[in-house]
Each structure stands twice: as C-alpha cells, then as structure tokens.
Amino acid sequence: MQFYQDGFHPGDPRIADPTDRIIAPPLKLPLPPQVDVMIVGCGPAGLNLAAQLSKFGRISTCIVEQKDDRLLVGQADGIACRTMEMFEAYDFADQIKQEAYWVNETAFWKPDADLPEHIARSGKIQDVEDDLSEMPHVIINQARVHDAFLDVMRHGPGKVVPHYSRKLLHLEVDQQATDYPVTLTFERLDSQHLGVIETVKAKYVVGCDGARSTVRKSIGRELVGDSINQAWGVMDVLATTDFPDIRLKSAIHSANEGNMLIIPREGGYMVRLYIELDKLNNTERLSKQSITADYLIAAANRILQPYTIDIKEIAWWSVYEIGQRLTTAFDDAEDGRPPRVFLAGDACHTHSPKAGQGLNTSVNDTWNLGWKLAHVLTGRATPELLQSYSFERQTVAQQLIDFDREFSKMFSAKPKSANNPDGIDPAAFQQYFVQFGRFTAGTAIHYPASTLVRSGTHQNLASGQTIGMRFHSAKVTRHADAKPVHLGHSMKADGRWHILAFAGKERFMGADCKVKALCQFLQNNPASPLLRFTPKDMNIDAIINLQAVFQEPHRNIEVANIHPLLQPSKDLYGLKDYEKVYSAKSAEGCFYEKRGVNKEEGGIIIVRPDQYVAEILPLDDYQNVANFFEKVLIEAL
C-alpha cells in the first residue's frame with residue numbers, strides 16, 4: 001500500500017478522506033466499583049493484556065489511561081517477527097502486513113576511504129535469516145497496532161473498552177484481604193468531571209504506565225540502571241533526497257558529524273530518522289528546549305554528505321537520552337506470597353529505541369502474563385502460577401538491556417580510522433547486527449526450566465522445537481479441505497494448551513498406530529488430562545486442544561478412519577470440528593524434516609497458551625503427559 005503522499009494523516013489508510021477516519025470520542029463512563037483485573041496504562045503492554053482477557057467473558061477487566069483519547073501518532077514503530085506471530089493469534093497479522101513497511105534488507109554506510117568527510121555504502125545484508133519465522137519484520141505506526149488491539153478488546157466476550165482521562169493517585173494492597181485486596185484511587189481529568197475522585201477494588205493490578213509508573217512506586221519497586229550519556233533526535237518526515245538507500249533500513253556512521261539510523265515507514269513515502277546529537281557529560285542532562293526541528297534537519301544533512309535531504313513535512317519529532325534500567329522484580333510478591341500487583345513494559349524496563357525492542361518486549365511481557373491471570377481467575381490454576389511471570393520475564397528484560405547497552409555503544413561510537421584507532425570498525429558493527437538477528441527478531445527468548453518448561457529429556461524427538469522457546473511454525477496440509485496452513489496458526493490467543501501428536505512410521509490409524517492409542521487414553525482413561533481438567537459443560541478441547549500430524553499425504557487419509565477425539569462434536573448443535581488432522585507434507589516440504597521431528601518414533605509436543613514449547617514426550621508416555629498437566633492445572637469440578 002502507498003499512502004501519505006499528500007501529507008501525513010493518522011488512522012486507517014484504506015479510508016480515502018482523512019476526516020472519515022476520525023472516530024467519535026470515548027464515552028465518559030464511571031469506573032466500576034470492583035474488577036478482577038485493573039490495567040493501568042493504554043500502551044501496547046496494557047492493550048495486549050486487555051485483548052487477551054477480553055477473550056474471557058467471565059473475567060471483569062478494566063483498563064484506564066491518563067490521556068484523553070486513543071493514540072494517533074505513536075513513537076514505537078518496529079514490529080519483530082515474533083510479535084507478528086503473536087498478532088496472528090489475534091487474527092490481525094494480515095492487516096498489519098498489508099499496511100506496514102517490510103524490512104527486507106539493511107544497508108551499512110561508513111566514511112569514504114578516499115574522501116572521509118563523505119559517506120559510502122559498505123554493504124547490504126538480509127535483515128531476517130531464511131526460515132527464522134513465517135512472519136516479516138515490519139514497520140508501522142504504533143497507533144495502528146493500538147487500533148487493532150482495541151478492536152479485539154471491543155469485540156471479545158469480555159467487551160473491554162478503555163476509560164480515559166484517569167490519573168492514578170494511590171494504590172494500596174491489603175495483605176489480609178482475600179477477595180479484592182487492591183484499592184486504587186483515581187482522579188478524573190476530563191472537563192465534565194474534573195477533580196472527581198473514584199475508588200476501585202481489584203483482585204489483580206497490572207501497571208503498564210510507563211517509565212514514571214505510579215504503580216511501580218506504589219509497591220516500592222525502583223528502576224535501577226544508568227544512562228550512557230548519549231542524546232539522540234528522532235523524526236518522522238516526508239522528504240525528497242538523493243540518498244540512494246532511503247527506502248532501506250540504513251545504519252550510517254560519518255567521520256566527524258555523528259551517526260544516523262534511517263527507518264523507512266509504511267506507505268512508501270515517510271521515513272524515520274534517528275540522529276545522533278552531542279555526547280553529554282556525566283552530570284549533564286539533555287536540554288530539550290535547546291533542540292529544534294531545524295537543528296535535527298541540519299544535523300541529518302551534515303551526516304549524509306555528499307547527499308542531501310529536503311524535509312517537506314514533519315509528522316512527529318522528539319529528542320531523548322539513552323538509558324537502560326530494570327526493576328528488581330516485576331511484581332509485589334514477597335516472602336513466598338503470591339503477587340497481586342504486576343509491572344509490564346516500560347514500567348519495569350527501559351532502553352534505547354534504535355534496536356526496536358521496546359514495544360516488542362512490552363507486548364511479550366503481557367503475552368506471558370495474560371493467560372496466567374486468566375487461568376487463575378477462571379479456576380484452571382492456583383495463584384502460585386503467577387509467580388512464574390517475574391521469574392521468566394525479568395531474565396528476558398536483563399538480556400535485552402545487556403544487548404541494547406552494547407548495541408547503543410557500538411552505534412554511537414565514531415568509526416575506526418587512522419585518526420581514531422579506538423573507534424568502532426563498521427564491519428564489526430555489521431557482524432554484531434547479524435549475530436544478534438534472532439534476538440532482535442524476538443525468536444531467541446528461552447525460558448528456564450520450571451513446572452511450565454520441562455528439562456528436555458526427549459528433545460531429540462523434535463530437535464527443531466526447543467523446549468522453552470516459541471513453537472517454530474511451518475506449513476502442513478489440513479486433511480479435511482486440503483488447505484496448506486501454518487501449524488502454529490492454529491494456536492490462538494484463547495488461553496488453551498496444545499497437545500500436538502506427531503505420528504511415527506506406523507500405518508495411519510492402524511492397530512499399532514500410537515496416535516490412535518494416545519487418543520484412546522485421552523478419551524477414556526481416568527488419568528487423561530482432557531477428562532480431569534475440562535469442565536463437564538465445556539467442549540472437550542476447551543482447556544487442552546489435541547491435534548495430530550501424520551506423514552501420509554492428505555489424500556491417503558480417510559475421514560471415516562479418524563479417531564473421534566480428533567473430530568469432536570462441539571457446542572449447540574454438536575457440529576464436528578474437522579480442523580485437527582494434518583499431513584506433514586506441503587508444497588514447501590515436510591514439517592518433520594524442517595523442524596527435526598523423528599520420523600520413526602514421532603512424538604508429543606506440549607505447547608503453552610503463549611505458544612512456547614513446554615515439553616516433548618514419546619507418543620506412548622501417558623504417565624508424563626498426565627504428570628505435566630497435574631502440576632499446572634486444577635482438576636475440574
């Protein structure tokens with residue numbers, strides 16, 4: 001899609017007239033007196049959590065925001081491959097892909113060897129390695145991601161809509177209370193109710209309220225870290241230029257004028273410029289009032305020599321200091337007490353924006369937390385499950401900060417030269433970029449062993465699906481309708497666990513077929529987790545979703561021979577679900593070969609509701625299948 005050629009206008013670019021993109025202001029409704037979950041902050045972390053919880057009509061969720069309306073122009077714009085995989089679970093990844101700029105290549109520029117005051121291209125690389133993900137790395141206005149989440153929230157069973165113009169004044173946790181132990185006090189900021197105080201009691205609170213988080217301060221947590229004393233300007237612009245790589249992500253190191261990162265934006269015309277400013281002294285703070293848009297434009301032109309850029313319109317600009325900070329814990333748990341208040345996103349970790357990890361790490365925080373809250377609030381798990389959130393996500397945030405510190409230091413350093421032998425070698429920076437490609441794509445997250453991530457005794461049965469890492473999707477062919485589909489796309493943001501049964505060499509549904517025997521166990525044995533943990537009034541796949549992949553071509557599979565557990569009757573009319581059986585073969589190859597599944601033995605892959613691999617087991621290891629879920633879920637009444 002191409003848009004913005006006549007100027008920047010927020011909203012859905014499919015709507016031709018910008019005035020038609022305007023959405024009516026939100027209703028000024030009072031806050032509810034009590035809720036299951038109170039989310040403070042309508043940034044990406046908060047909206048992602050609200051979107052997850054909106055899938056559960058039984059959970060009362062409230063989300064508040066200090067601003068007076070939804071975001072129109074966002075600061076974060078880079079969407080990592082792993083985050084796009086998450087968006088697919090909400091069914092809006094295709095919309096984002098259509099609108100967004102796709103980052104396919106990155107160009108690197110350094111001082112020209114013959115004329116150092118000019119820059120010259122040193123190389124281009126593929127941005128994301130082949131088969132790292134089925135999703136691209138994309139760039140899009142953060143506000144459009146917010147709009148997608150708002151649609152999911154509004155249309156889900158929970159029907160969650162934000163309450164704007166609320167300032168959190170105070171939060172208090174009553175450790176003796178068992179029902180609604182958290183009390184929050186808000187001040188209304190809208191003109192019709194200016195100064196009105198509202199009080200809400202909640203079972204759980206999640207602070208997604210940014211680096212100056214009131215929630216964090218209320219529970220006595222602090223951001224710990226430092227700044228690297230480097231100032232940068234950032235601006236989204238519509239411009240004309242003779243710089244040849246203006247539509248490629250470009251990292252530019254000049255000899256004496258500083259450095260710049262170019263990020264092309266969606267629509268084909270807009271571009272974001274990250275422009276290095278002067279290095280600060282240890283005791284010096286950035287004086288934002290002294291920096292103007294014209295100052296940034298002049299700096300960009302100095303860095304780009306011999307090329308020039310003529311700015312026609314500025315959609316948004318700002319200046320910032322680079323710093324990396326992390327809280328000591330992501331919740332208020334102490335002395336073994338399960339947490340009641342959680343932190344997510346910038347409220348518990350801050351870093352520079354140039355590596356594009358802020359939004360991506362924030363939404364993955366609440367992607368981890370959302371299903372766990374839903375499990376506890378719907379009676380699927382005990383509150384102890386919530387302790388795993390800080391345990392898993394704090395480690396990831398520390399890894400991000402370590403990466404960001406080194407990345408920012410290398411990017412801000414002057415290029416190595418005869419006059420600057422201690423500078424950064426541009427080739428070394430390019431190599432660092434390649435080395436940490438999986439990390440920046442979001443696919444390198446590896447949760448440590450716990451009750452939710454087992455030790456990996458049988459990792460060899462699926463060597464390409466690492467226990468503790470996200471399920472790496474690939475195409476299969478759905479039996480019923482012969483449709484090539486990504487297996488990972490069957491795992492939606494609905495809080496369900498997944499048992500994926502990969503058949504071995506046995507004949508399909510023959511007497512010795514281990515998938516058939518597994519189905520028999522899961523359908524009939526009292527130890528079956530499907531029978532133990534699924535409420536009697538719910539579909540058999542409501543808590544744990546069983547699917548099977550066979551090595552036979554889909555045309556060799558007869559529907560009449562499929563075990564009934566793989567074609568369950570569901571809901572009001574008892575209609576059959578035909579979308580649980582697949583052939584591993586597709587036009588793109590064999591799933592077993594692409595993801596290292598053992599063709600002789602097959603195996604079971606247990607996948608968490610957040611799409612991370614929890615365990616891999618032999619097809620006939622019923623005892624450990626039962627043991628796994630017994631340690632996580634509560635038996636249904």
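This is a predicted model: local features need pLDDT of at least 70, side-chain atom pairs count only at pLDDT 80 or more; totals for chains, interfaces and linings use all residues.
## Strand β10 and its partners

Strand β10 spans residues 197-207 and pairs with β1, residues 34-40. The two run in the parallel sense, over 6 bridges. Within this pairing, Gln34 has Lys201 of β10 as its bridge partner.

β10 also pairs with strand β9, residues 182-188. Here the sense is antiparallel, again with 6 bridges.

Val206 stands opposite Phe342 of β16.

## A three-stranded sheet

Another set of 3 strands forms an open sheet, in the order β3-β7-β4. The pairing is antiparallel. Which strands stand at the edges? They are β3 (78-79) and β4 (101-102). Each has a single partner strand, so one side of each lacks a neighbour in the sheet.

β7 covers residues 138-139 and is joined to β4 by 2 bridges. These strands run antiparallel. Trp102 has Val138 in β7 as its bridge partner.

## Helices α1 and α4

Two packed helices are described by the angle and the distance between their axes. Helix α1 (residues 44-53) and helix α4 (residues 142-155) have axes that come within 8 Å. The axes cross at roughly 20°. Angles under 35 degrees count as roughly parallel, and α1 and α4 are therefore roughly parallel to each other. The crossing of α1 past α4 is left-handed.

## The second largest pocket

The second largest pocket holds about 850 Å³ of space. Its lining has 38 residues. Nearest the centre of this pocket lie Lys492, Asp494, Arg496, Asp541 and Ala542.

What is the make-up of the lining by class? It has 14 nonpolar, 9 polar and 15 charged residues. Two strands, β19 (484-486) and β21 (544-550), each supply at least two residues of this lining. β19 gives the most, with 3 residues.

## The largest cavity

Rolling a probe the size of a water molecule over the atoms shows where empty space is left. The count comes to 7 cavities of 30 Å³ or more. The largest cavity has a volume of about 130 Å³. It is lined by 13 residues. Closest to the centre of the largest cavity are Gln357, Thr361, Phe439, Gly442 and Ile445.

Helices α7 (358-377) and α8 (387-412) each supply at least two residues of the lining of this cavity. Which one provides the largest share? It is α8, with 4 residues. By class, the lining of the largest cavity divides into 6 nonpolar, 6 polar and 1 charged.

## The second largest cavity

The second largest cavity contains about 100 Å³ of space. Arg82, Glu85, Glu88, Ala89 and Glu134 are among the residues that line it. The lining of this cavity also includes Phe471, Ser473, Gly488, His489, Met491 and Gln611. These residues divide into 3 nonpolar, 4 polar and 4 charged.

Definitions and conventions:
Residues are numbered from 1 along each chain as its sequence is written. Side-chain values use heavy atoms; hydrogens and water are left out. Two strands pair if DSSP finds at least two bridges between them. On a 1 Å grid over the protein atoms alone, a cavity is a set of points where a 1.4 Å probe fits but cannot get out, and a pocket is an open set with protein on both sides within 12 Å along at least five of seven lines; lining residues have an atom within 4 Å of a point. Grid points are joined across faces, edges and corners, and a volume is the space filled by probe spheres set on the points. Ala, Val, Leu, Ile, Met, Phe, Trp, Tyr, Cys and Pro count as nonpolar, Asp, Glu, Lys and Arg as charged, and the others, Gly among them, as polar. Axes are lines fitted to C-alpha atoms, for helices over the stretch in contact, and angles run from 0 to 180 degrees between N-to-C directions. Angles under 35 degrees count as roughly parallel, over 145 as roughly antiparallel, 65 to 115 as roughly perpendicular and the rest as oblique. A crossing is left-handed if the near helix is turned anticlockwise from the far one by less than a right angle, and right-handed if clockwise.
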